[in-house]
Structures are given as structure tokens and as C-alpha cells.
Amino acid sequence: MNNIRRPMMYAASFFAVGILLLYHLELIGQPMDSLLESHIGNSTSITAKIITKESDMVLSSDGGEQARTTLKVKIKDINSIPFKKTEKLIVKYYDHTDAIPGQYVVMKGEIEKPLGRRNPGCFDYSLYLRSIGIDHTFEARSIELCKRKNISIPEGIGTAVQMTLYELREEFIALVEKSAGEETAGMIRAIMFGSKTDIDDEVLEEFRKNGTAHVLAVSGLHVGLLYVFISFIWRWKKGKLFFVLIIVFFLAYMVMASFSPSVVRAVIMIWLHVFAVLTNKRYDMASAAFFTAISMLAVNPMHLFNTGFQMSFLAVLTLSLMLPIIKKIYSGIFMASIAIQLGLLPYTIYVFNYISLAAVVVNVPIIYLTGLIVPIGMCSMAVMLIFEPLAEVMIQCLGGLCTIMMRLNDMTAIDGMTVFDVVSPPLWMVAAYYLILLVFLSEDGRLLFMRKRHGLIRKLAYGILVASLIFNGTAGNDFKKSDLVFVDVGQGDCMHIRSGKKGDYLVDGGGSITHDIGKNTLKPYLLKNGARSVDGAFVTHLHTDHYKGIVELCREDMVERLYVYEGYMVREDEIIKDTGLDPEQIIYLHAGQKVMISNDISVEVLWPEKRSIREYERLTEGEEDENMFSLILKITIAGRTMLATGDVDTKCLDALAQKYGADLDVDILKAAHHGSKYSDSDAFADAVKPEHVVFQVGKNNFGHPNEGIVEKFRRKGIMIYRNDLDGAVAFGFEKNGYIRVRTVRGENL
């Protein structure tokens with residue numbers, strides 16, 4: 001009994017300490033330094049030292065390509081005022097700069113507070129940055145090397161080493177590109193240094209789906225392979241000299257890998273292993289991992305929310321717990337892969353929403369190939385400094401190995417056959433899985449079964465269930481209980497009708513010319529909120545910020561039916577080509593029709609009217625303003641109503657008010673055209689009389705929403721919500737008629 005109580009008491013103690021640390025960080029440590037906070041949104045000049053640098057090409061607002069440089073910097077002064085705190089920034093600069101890590105630069109631009117979670121259960125950019133020690137970002141307009149004479153720029157050995165290592169890395173990557181091509185250079189940059197900016201998106205997606213993306217982000221695997229390689233070629237006694245060599249080598253490697261949490265974890269564990277060998281102590285992997293985790297969390301408690309940190313330690317934990325069990329059943333080549341894949345399975349499903357049947361098998365040859373690529377790559381980088389022609393030959397061998405890896409991954413990552421998209425399971429199930437592993441697969445836990453302590457086993461099982469449910473209640477996704485969600489898709493419209501067993505429906509899906517809203521925003525949102533697909537998608541009109549996201553979701557095979565205005569029947573071939581849907585999956589609507597989703601959920605079409613083919617052709621040919629032909633939908637859910645108004649203007653709103661009058665009265669209004677000043681109608685507002693108004697807006701240059709319109713609704717006592725300020729907005733309709741409102745960035749209302 002004491003053997004069980006002791007680790008549980010330790011775990012509870014560390015949990016309590018962690019809560020206090022986070023409490024301190026959140027409440028006492030905020031707001032951050034007033035000097036930094038006071039400059040948010042203002043034009044600011046910052047002098048800083050570059051820590052890391054990445055460059056890539058991204059789509060610009062006009063559809064072309066532009067260079068983007070991402071820097072991680074440490075601030076020295078702000079507007080010539082010395083900055084005494086140790087504060088780091090992520091800098092976005094949409095151009096190229098020759099500055100490299102280790103150098104000091106003067107940057108002009110704006111300090112920004114990064115946005116947090118936009119949609120329930122989805123990626124939280126602010127939390128991610130904080131997990132790597134960043135609280136603010138900087139949008140730079142210009143970056144210049146620091147040449148000011150009135151500032152002391154230290155040029156110590158650390159700075160010189162950092163600059164030298166960066167230049168060595170980039171020189172090596174340039175040689176790889178010259179000798180083996182851009183594709184191999186991108187793979188080598190990812191495998192050896194953890195930067196995936198040069199890898200094609202489709203290739204990267206295949207690695208992610210196949211459960212092999214860990215080889216493209218420098219992890220404990222890579223560090224372990226290098227340690228094994230160095231140990232193999234070291235033919236002398238592994239004494240203090242070996243220990244010093246390991247420390248120096250891996251310090252340099254951490255610098256080149258930008259101090260990835262998984263690399264830091266692996267390096268500390270290797271140092272502990274070497275120390276254990278030198279002092280003739282027994283090395284225990286689980287204990288070393290625990291010590292490393294506590295050490296990293298002591299430096300930055302927010303590491304706990306970093307997926308790299310979580311996966312790294314979960315892999316070590318589950319490997320140490322499950323390997324002894326699996327050995328009794330199977331001890332072949334796939335043993336470790338089975339242990340890790342089983343251990344990470346619930347986490348992978350919950351966070352990444354996929355299952356890969358090939359992961360267990362394909363990881364073995366992929367890891368073997370990595371075991372060749374990493375040491376050969378390090379050796380070729382060293383040889384490059386001595387005899388470049390030999391390094392080129394070695395790099396060509398690397399190219400062959402990388403090609404084999406990509407082809408192997410491509411052959412085994414097949415959507416619908418080896419890779420499946422899945423919805424996130426309830427959080428309590430994930431918590432219960434890992435608590436069961438921790439309690440019952442530990443050495444003490446296994447002894448309970450051997451000694452047949454059934455009473456204690458039952459008590460522990462009940463305790464695990466209660467703890468998991470409590471955890472779910474405090475950290476779970478409460479949005480799954482909502483009936484209607486205004487999804488945050490940036491500058492665009494998207495509403496999610498949740499009808500439980502009757503299916504899920506979308507009204508519009510946002511869209512952007514610079515990135516894939518369907519795959520990167522809508523798909524994760526749906527999978528993390530219990531929807532494997534949508535039974536139908538209503539598109540008010542075919543403008544990018546309403547239609548493109550739905551097109552991309554169709555391409556992901558996640559839309560069963562598409563509802564559009566009848567006027568678009570003359571563009572059916574274009575719609576089929578865009579979406580990949582069959583003609584029978586496209587349903588045309590006009591005013592007067594009603595779509596029954598379930599007994600208590602309906603969608604009534606109020607606008608536009610049915611017209612002649614010639615008028616539809618005029619719309620298609622651009623002779624009519626397409627915004628004015630937006631579907632206007634009155635959605636009824638459990639007796640409550642919502643009006644979706646597309647992008648119609650004042651003239652159309654006035655016509656609606658005149659035609660329908662009091663029948664327009666609804667509980668929730670989606671503001672027309674993102675709150676444009678050209679979509680303002682007093683007659684319409686008086687007819688609708690909503691209790692809640694939602695402005696679906698993101699960062700834009702159009703002045704949306706118009707402050708005058710927002711103020712008009714506010715003066716009427718109407719509750720106002722905005723996606724750019726509140727994130728996703730959800731409405732739950734209770735049986736007593738009460739409407740419960742939840743926002744991602746605010747409190748339940």
C-alpha cells in the first residue's frame with residue numbers, strides 16, 4: 001500500500017506546485033513589462049539580438065509570392081530606452097534580410113499581442129508562443145544591422161560561436177542544394193535542424209498523416225542517434241574527456257536546432273546517462289525523463305503546453321511502461337515502435353485527428369534511414385570544411401536516402417486505406433488512458449495484480465475515473481453543447497448548425513487567397529468538435545470569403561451536399577470542377593423554399609427571388625452585383641431564430657423589410673457584409689429586432705465593422721459579438737427558452 005501511496009503523493013505534490021507556478025505566471029506575472037505593453041500598436045524602433053532565423057516564400061494578397069523572414073530576437077532597447085528584462089520577440093518581416101543569428105539589428109514596426117485560440121479545441125497561437133518563452137510579436141517594416149555609435153554591442157565568444165554555427169549550417173544546406181537538389185536540401189534542413197520551411201506542403205502532410213513527421217522535427221530520436229554514433233566511433237576510454245566532448249557537441253547542436261524542447265530534453269537525458277556511466281550509477285530512463293521535465297518546467301512552466309514537450313515525454317513514459325509488457329508477447333523488430341504508437345495513440349487522435357495503420361510498420365525503416373542520414377549528414381558537414389568534393393559525394397548518398405524515405409512514406413500514406421481522419425475523443429477518455437498506464441503498468445501497479453489486491457485495484461480505478469471526469473470538466477470543450485456556432489474564419493462568414501444525431505450543417509465557409517481555410521481552419525474545427533463531415537453546406541454567394549473554404553472542405557471529402565442560389569445553375573460545371581462534387585449533390589434554392597434538417601431545425605430561404613435564365617446569365621457575366629444575390633436564410637432551431645444575411649447592401653435590406661415586415665423578427669442576426677457602412681438600414685433593424693448581433697470579421701483594410709453601425713445596435717440594448725475580438729461565438733438554446741452564449745476568448749454569458 002505504501003508503495004502506491006508514495007508515488008501518488010509525489011505526483012499530487014508536483015501537480016499542486018505546478019498549479020501555483022501557473023497561477024503566479026498568469027495572475028501575478030501579468031501584465032508584462034509596462035514599457036513593452038505601452039508600445040503595442042504604435043510605430044516602434046527596437047534594437048535586438050537575433051537568436052534564430054528562418055526564411056521562406058508565402059502567397060501575397062495579390063496571389064503572387066513574396067519572401068518572408070521569421071526571426072526570434074532578444075530585446076536590448078525600445079525607442080533608445082534600455083530594456084532591462086530578458087524579453088524575446090517573434091518578428092515577421094515580409095522581405096529578405098542578410099542579418100544572421102548573433103548579430104544586432106534595428107527594427108521598425110509595431111509590437112503586437114498574439115491572438116489566442118480562435119475556435120474551440122483548435123490551435124492557440126498565443127499559448128504556443130508562451131510555451132517557447134514568447135509573449136509578444138513584432139510586425140517589422142524595416143530591418144537594418146545595428147550601426148549606432150552610442151550603443152554598446154557586446155561581441156563575446158558566445159555571439160561569435162552562434163554566428164559561426166549559423167553560417168556553417170547555411171553553407172552546408174547550400175552545398176546540399178547544389179549537389180542533390182532543392183528537395184533533398186529541404187529534407188536535410190528538416191531532419192538535421194528541425195526547420196520544415198523548404199519542404200513541399202504535400203510531402204509534409206504525408207509525413208504527418210503517416211505518423212512519421214517526428215523525423216522532420218529534430219527530436220530525441222536524432223539526438224540519440226548522434227549519441228550512439230559518437231559512442232561507436234569513440235575508441236578510447238569514455239571518461240571525462242568524452243563527457244566534455246558530448247557536452248560541447250550537443251550544446252552546438254542545440255544552437256543549430258534552435259533549442260527545440262525535444263532536443264533540450266534528449267540532450268539533458270544524454271548528459272545524465274554519461275554522468276551515470278562516469279559515476280558508476282544505474283541509469284533509469286523514467287527517472288531521468290522526470291528530472292528533465294521538472295528542470296525544464298522550472299525554467300518555463302508554460303513548456304507544459306508545448307506539443308513537442310508533451311509528445312517527447314509521453315513517448316519516454318509510455319515506452320518505459322509498456323515495453324516490459326509487450327516483451328512478454330512480442331520481442332521482434334517492431335517492439336519499440338508498437339510501444340510508442342500504442343502509447344501516443346490517444347494523444348495523436350485527440351491533437352492531430354488521424355489514425356495511421358501503417359505507422360507501426362513504416363516507422364521502423366524510416367527510423368533506420370534516419371539513423372543513416374543524421375550521422376552521414378553531420379560527417380559530410382565536417383568533411384565540407386576539409387575537402388568539399390568528398391562532401392559532395394556523401395551528400396549525393398544523402399539524396400538517395402532521402403528519396404527512398406519520401407517514396408516509402410508516399411507508398412504507405414494512403415487516405416481512406418492506411419490513414420483515417422477521426423474526431424477528437426472526450427478529454428476524460430484521454431486522461432483516463434494515461435492515468436491507467438501510469439498507475440497499473442508501473443512496477444508497483446503490476447505487483448497489485450500479482451498479489452491479487454482487488455479491493456485496492458477497484459479503489460484506484462474509481463479514483464482514476466473521478467479524476468478524469470474532473471479534469472474533463474475543467475479543461476474540456478464546452479462548445480460541443482452548443483446548437484449554433486459562428487466560426488472564426490478571419491475576414492469571412494461561417495456558421496455551424498449543430499443538430500446532434502441529425503447531422504452538421506454549415507452556412508458559408510470563409511476563404512482566403514493566401515491560405516487554405518478549409519483544410520487548416522474548418523477541418524480541424526469540425527474534427528475537434530465531433531463532426532467527421534457536414535451533411536450540407538449552404539453558400540450564400542460565390543465570393544472568396546464565403547465560398548472558397550467550402551470548396552476546400554469539399555476537396556477534403558467532408559461535404560455531402562451543397563446548397564446554392566438557383567442563379568448559379570448556369571455555373572454548374574464550374575462548381576463541379578471547384579468542389580469535385582457530383583451534380584446530384586448540388587441543390588439549388590430560391591426565395592420561398594424551406595429545407596427541413598430535423599423536426600425542430602429548418603432553413604427558410606427569404607432572398608433572392610426565382611428569376612429567368614437570362615437574368616441568371618447576367619449575374620454570371622458580372623452584369624449584376626453578386627452580393628445582391630446572396631442567399632438570405634432564416635434558420636429556426638428549437639423555436640429560436642437566426643438570420644444569415646450574406647453580403648447584401650442597404651437597398652436589399654430595405655426591400656426585405658418592406659416585403660416581410662414583422663416576419664423578420666429573429667433572436668440572432670448575422671450582420672450583413674461584415675458590418676459594412678453600405679449595409680445599414682434602420683427599417684431592417686427595426687423589423688428584425690434581434691437580441692444578439694454577430695459581426696463575422698477578421699483583420700481587414702475595409703473598415704469592417706463600421707463603428708456607426710456597431711453603435712446603433714449598442715444603443716438599442718442589443719448584445720454585440722465580433723469574431724475578431726471574441727473568437728468563435730456559440731449559442732445554446734435551452735428548453736426553458738434561455739439562450740446561453742459562449743465565446744472562445746470570453747466568459748460564458
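Ala, Val, Leu, Ile, Met, Phe, Trp, Tyr, Cys and Pro count as nonpolar; Asp, Glu, Lys and Arg count as charged; the others, Gly among them, count as polar. The model used in these exercises is predicted.

**Exercise 1. The second largest pocket**

Describe the lining of the second largest pocket by residue class and by helix.

Solution. 
Step 1. Start with the space. The second largest pocket holds about 310 Å³.
Step 2. Find its centre. Of the 16 lining residues, Phe-249, Met-378, Cys-379, Met-381 and Ala-382 are the closest to it.
Step 3. Sort the lining by class. There are 16 nonpolar residues, no polar and no charged ones.
Step 4. Trace the helices. H4 (157–180), H7 (220–233), H8 (240–256) and H13 (359–384) each give at least two residues to this lining. H13 has the largest share, with five residues.

**Exercise 2. The largest cavity**

Find the volume of the largest cavity, then sort its lining by class.

Solution. 
Step 1. Search the whole structure. One cavity of 30 Å³ or more turns up.
Step 2. Read its volume. The largest cavity has about 150 Å³.
Step 3. Look at the lining. It has 16 residues, and Ser-679, Asp-680, Ser-681, Ile-709 and Phe-713 lie nearest the centre.
Step 4. Sort them. Eight are nonpolar, four are polar and four are charged.
Step 5. Name the helices. H23 (682–688) and H24 each supply at least two lining residues.

**Exercise 3. Checking helix lengths**

Work out whether the spans of H15 and H18 agree or disagree with 1.5 Å a residue.

Solution. 
Step 1. Recall the rule. The expected span is 1.5 Å times one less than the number of residues.
Step 2. Apply it to H15. This helix has 14 residues, 427–440, so it should span 20 Å. Its end C-alpha atoms are 20 Å apart, which agrees.
Step 3. Apply it to H18. This helix has 12 residues, 517–528, so it should span 16 Å. Its end C-alpha atoms are 15 Å apart, which agrees.

**Exercise 4. Nonpolar cores**

State how many residues the largest nonpolar core has, and follow the contacts of Phe-731.

Solution. 
Step 1. Count the core. It has 93 residues.
Step 2. Pick out the residues with the most contacts inside it. They are Leu-484, Ile-497, Leu-656 and Phe-731.
Step 3. Follow Phe-731, leaving aside neighbours within four places in sequence. Its contacts include Leu-484, Phe-486, Ile-668, Tyr-721 and Val-741. Asp-483, His-692 and Arg-740 are also among them.
Step 4. Look for another core. A second, separate one has 65 residues, including Ile-191, Val-267, Ala-288 and Ile-366.

**Exercise 5. Backbone and loops**

Locate two cis peptide bonds. Then decide whether Asn-79 and Asn-353 are buried, partly exposed or exposed.

Solution. 
Step 1. Go from Trp-607 to Pro-608. This bond is cis, with omega near 0°. Pro-608 sits in the loop between strand E16 (601–607) and helix H21 (613–620).
Step 2. Go from His-704 to Pro-705. This bond is cis too, with omega near -5°. Pro-705 sits in the loop between strand E20 (692–695) and helix H24 (707–715).
Step 3. Turn to Asn-79. Its phi is near 50°, a positive value in a residue other than glycine. Asn-79 lies between strands E2 (65–78) and E3 (81–82), in a loop.
Step 4. Turn to Asn-353. Its phi is near 60°, again positive in a residue other than glycine. Asn-353 is in the loop between H12 and strand E7 (354–356).
Step 5. Use the cut-offs. Buried means under 20% relative accessible area, and exposed means over 50%. Asn-79 has 34%, so it is partly exposed. Asn-353 has 4%, so it is buried.

Conventions:
Residues are numbered from 1 along each chain as its sequence is written. This is a predicted model: local features need pLDDT of at least 70, side-chain atom pairs count only at pLDDT 80 or more; totals for chains, interfaces and linings use all residues. Side-chain values use heavy atoms; hydrogens and water are left out. Helices (H or I, at least four residues) and strands (E, at least two) are DSSP runs, numbered from the N terminus. On a 1 Å grid over the protein atoms alone, a cavity is a set of points where a 1.4 Å probe fits but cannot get out, and a pocket is an open set with protein on both sides within 12 Å along at least five of seven lines; lining residues have an atom within 4 Å of a point. Grid points are joined across faces, edges and corners, and a volume is the space filled by probe spheres set on the points. A nonpolar core is a set of buried Ala, Val, Leu, Ile, Met, Phe, Trp, Tyr and Cys residues joined through side-chain atoms within 4.5 Å. Buried means under 20% relative accessible area, exposed over 50%, partly exposed in between (1.4 Å probe, protein chains only). Contact means heavy atoms within 4.5 Å.
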